[in-house]
Amino acid sequence: MTMKLPIYMDYHATTPADPRVVEAMLPFFTQQFGNAASRNHAFGWEAEEAVENARKQVADLIGASAKEVIFTSGATESNNLAIKGVAEMYREKGNHIITCVTEHKAVIDTCKKLEKQGARVTYLPVQKDGRISLAELRAAITDKTILITIMTANNEIGVLQPIAEIGAIAKEKGILFHTDAVQAVGKVPVNVNEMKVDLLSLSAHKMYGPKGVGALYVRRRNPRVLLSEQISGGGHERGMRSGTLNVPGIVGLGKAAELCRLEMAADTERLSKLRDRLNAGLQKNLDELYVNGSLEHRLPHSLNISFAYVEGESLLMGINDVAVSSGSACTSASLEPSYVLKALGAGDDLAHSSIRFGLGRWTTEEEVDYVIDKLTNVVRRLREMSPLYEMVKEGVDLSKMQWVTH
Amino acid sequence: MAYSNKVIDHYENPRNVGSLPKNSADVGTGLVGAPECGDVMKLQVLVNPETGIIDDAKFKTFGCGSAIASSSLATEWLKGKTVDQALAIKNTDIVAELSLPPVKIHCSVLAEDAIKAAIADYKSKQDKDKGVPATAGHAQPNA
């Protein structure tokens, strides 16, 4: 099979839509184009039926009931709705939120905005493996805590948080628990009851669906979660999210969810082997490599490695026919090293030297081997050009250096 | 990140990568930058003691494509210049030659610093021979 260049290995940033998903969506643009809220004619009814079908497909993937799934424009909106919606609705009960330093900006910036409006937020640190400490979580809880929000899987390092254990603590204390499960849904088994979550965000374009659509799971029993809507209007989605539904997008999300549910086990088996092959291949060829985050509690298709003494941008320049990222896509506009890697305790220099690999449904063994070879050559070349590597090989302790900077 | 063709050329075909013997009396070494900032440059010059001309220059850089290109270009320009002519090289010349965008100007500044540090180191070695104390100006291993 001829390999296509450039190779895409940035599946955490986004994924191509599965052709079967696109096929399912197409009729809803020009043929079954009705507004799902048009109650009086067949155009509306058939759109509504398609939406309800998709709702069930999403619910089945996460072990929820269809009534508990709200459609949104994506996970950023879902995160905003969950966090702001709870903060407003439960403000009489308290104003303290617990989250984590490695959350996606959609969660962190939402929390920061609430802080400006008077809320108190605790940002739990992570340990070296990227996971929070359950003891620290317990210690942070107060009688004013109304929400715990911790992501299921991290977008930069792929690490999985102990969600079921967090859920158990939240349940015990009677606090609502939200999880941004964007990177986990469709990749690892996610069940809202086993995980004891009350709110869950997911996104279509991270699981081979279209961009611009996502969902928020909102628990209806034990307890019944209420949200203050963030977008007001016609009262759609049980009053929680107004706005004409993106029927083609929702149909796509549903189809993507169904395909993930059916193919997850096989995909996981294949991708974790490829991921391990990539890691093993690089480790065999190169020294001074550091995997960022736990290898044990990790998404099967994810790998984040620091290539010591080589700077990330120069590394990416050398592998310009491979699409990966250094730091996360969301922070690529800034020149600062990844805040997630810093939270792990990696020095700034290792954060600058990191590459994130995200494998996916169409990644092949040939592509993995190509990347191993290409990266090996580029790293070796750049290390020959690296004064830091030279000093380390001469036995200089870089941590004791006095550097001259502006 | 759109790189100019010249930056790409220096990245793919860097000139004068390598090291000169640090302890030689005719070699000046400049080590500037810091790993936390993502930029470290080591620049060395070999000065002909009779003519005062830089016969050879070598560099090693930890940094982005623009940093590598700036230091590679610096070594190209240094060869054949006198020590005083080397000190006249400005970062703005490097920016112009490589068409560096504003966000990468600091790479050229670091290259100019590296040149000056290398020359200062060379001069301090000459002064030491004459009994003049060395001046600080580049990174020292352990305090």
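## Helix H12 of chain A

In H12(A), the buried residues are Glu367(A), Val368(A), Val371(A), Ile372(A), Leu375(A), Val378(A), Val379(A), Leu382(A) and Arg383(A), where buried means that 20 or more other C-beta atoms lie within 10 Å of the residue's own, exposed means 12 or fewer, and partly exposed covers the range in between, with C-beta atoms placed from the backbone. Viewed down the axis of H12(A), these buried residues fall within an arc of 150°, so they line one face of the helix; the arc is that of the directions from the helix axis to the C-beta atoms. On the other side of H12(A), Glu366(A) and Asp373(A) are exposed.

Helix H12 (residues 365-384) of chain A has 20 residues and reaches 29 Å from its first C-alpha to its last, close to the 28 Å expected at 1.5 Å a residue, the expected span being 1.5 Å times one less than the number of residues. The cover over the buried residues of H12(A) includes strand S1 (7-8), helix H8 (247-285), strand S10 (302-307), H9, strand S11 (322-323) and H13 of chain A. Helices (H or I, at least four residues) and strands (E, at least two) are DSSP runs, numbered from the N terminus.

## Basis of the model

This is a predicted model, in which local features need pLDDT of at least 70 and side-chain atom pairs count only at pLDDT 80 or more, while totals for chains, interfaces and linings use all residues. Residues are numbered from 1 along each chain as its sequence is written, and chains are lettered from A and ligands numbered from 1 in the order in which they are written.

## Chain A as a whole

Chain A contains 13 helices and twelve strands. Its radius of gyration is 22 Å, close to the 22 Å that the globule rule gives for 406 residues, so chain A is as compact as a globular protein of that length; the radius is taken over C-alpha atoms, and the rule is 2.2 Å times the number of residues to the power 0.38. The C-alpha trace of chain A spans about 75 × 55 × 40 Å along its principal axes, and 51% of the 406 residues count as buried.

Among contacts in chain A between residues at least 6 apart in sequence, 74% join residues at least 24 apart, a contact being a pair of residues whose C-beta atoms, placed from the backbone, lie within 7 Å.

Ala256(A) lies in helix H8 of chain A and counts as buried because it has 31 C-beta neighbours inside 10 Å. Apart from neighbours within four places in sequence, Ala256(A) is in contact with Asp18(A), Val21(A), Ala204(A), Met207(A), Tyr208(A) and Gly209(A).

## Chain B and the interface

Chain B has five helices and three strands, which follow the pattern α-β-β-β-α-α-α-α along the sequence. Of its 143 residues, 45% count as buried.

Between the chains, 22 residues of chain A are in contact with 27 residues of chain B. On the side of chain A that touches chain B, the elements giving two or more residues are helix H9 (312-318), helix H11 (348-352) and helix H13 (387-393) of chain A.

Conventions: Contact = placed C-beta atoms within 7 Å.
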